[in-house]
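Hi there,

I'm passing along the structure we talked about, so that you have it to hand. Have a look at it first, and then read on.

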Amino acid sequence: MPKYLQKIAVSLIIFISAGNRIAGQNNNDTIQVQESKQDSSTVSSIEKSHLNYKSLILPTVFIGYGVASLTIKDLKQLNFSTRDEINEHKPDHVKLDNYTQFAPAVLVYGLNALGVKGKHNFKDRSIIYGTSMLITSAITLPLKHIVKEERPDQSNNLSFPSGHTAIAFASAQFMYREYKDTNFLLGISGYSFAVFTGVYRMLNDKHWVGDVVAGAGFGILSTELAYWLYPKINNLLGGKNKNTATMVMPFYQDKSIGIGWVKTF
């Protein structure tokens, strides 16, 4: 990897970590437990989920940059100059980015299996991650066909935004949200895989800088929306009924992303 891309990658991880630190200082996701004075055995848990505006600043900046790179001359020139710099080094085109996009989410499930518990149990985090993947796909796939930006390798006109990068950062943000309260360094470790994915989308000549930055923004935004929507989705799936059991699992097959839902009564 060219040294200037390594510096960009490290700077991006630090920038994201700092942004999440600031957003996390005023997290509005709270859980309140109330005990009835008349019956001490009655305990009701009320979960409030508010969309913290600070958590939207970072993805908004990324998305804004990506959109601006489509029309602003200087940013478009940066796209071309970066591509030219990469081509001068003639990097090997590896396909690891097809797998690293899911690495943070896989780590969450693996760590939980090893006893390193995150914020949610298996069912809850599966609903959240599945929702995040659906939102990511619902945003990026239509945009590709609307914008019709040509890829650097001229293979098609589906360059903006980077879907791989969006999924990678959605997965990284998922890992961050699951572990930020118990182990911050572990929580941000997923961003290394996300940045690797974005950088290699450029090294493989599949995306411009603006595509990757926008993809990162859409991915982070998708996961934030998934956590905000989770209480509503959980109730819709029968979260209030103790006699029901629901399992939701995201899947990826034949380049298609979806979600499976099994419910027993």
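This is a predicted model: local features need pLDDT of at least 70, side-chain atom pairs count only at pLDDT 80 or more; totals for chains, interfaces and linings use all residues.

**The cores.** The largest nonpolar core is made up of 20 residues. Within that core, F169 and Y191 have the most contacts. Which helices each supply at least two of its residues? They are α2 (57–68), α7 (163–179), α8 (184–188), α9 (190–203) and α10 (209–236). The largest share comes from α9, with seven residues. Another core lies apart from this one and has 18 residues, including Y109, I127, I167 and L237. As background, nonpolar side chains in soluble globular proteins tend to be buried together.

**A residue in α9.** V199 is part of helix α9. Is V199 buried or exposed? Its relative accessible area is 5%, so V199 counts as buried, the cut-off being under 20%. T165 is 34 residues away from V199 along the chain, and the C-alpha atoms of the two are separated by 8.8 Å.

**Helix α6.** This helix covers residues 122–147, which makes 26 residues. From its first C-alpha to its last, α6 reaches 37 Å, close to the 38 Å expected at 1.5 Å a residue. At the start of α6, N121 has a side-chain oxygen within 3.3 Å of the backbone nitrogen of K123. After the helix comes K148, with a positive phi near 55°.

Best wishes

Technical notes
Residues are numbered from 1 along each chain as its sequence is written. Side-chain values use heavy atoms; hydrogens and water are left out. A nonpolar core is a set of buried Ala, Val, Leu, Ile, Met, Phe, Trp, Tyr and Cys residues joined through side-chain atoms within 4.5 Å. Buried means under 20% relative accessible area, exposed over 50%, partly exposed in between (1.4 Å probe, protein chains only). Helices (H or I, at least four residues) and strands (E, at least two) are DSSP runs, numbered from the N terminus. The expected span of a helix is 1.5 Å times one less than its number of residues. A polar contact is a pair of N or O atoms within 3.5 Å; within protein, one must be able to donate a hydrogen and the other to accept it, and residues adjacent in sequence count only if both atoms are side-chain atoms.
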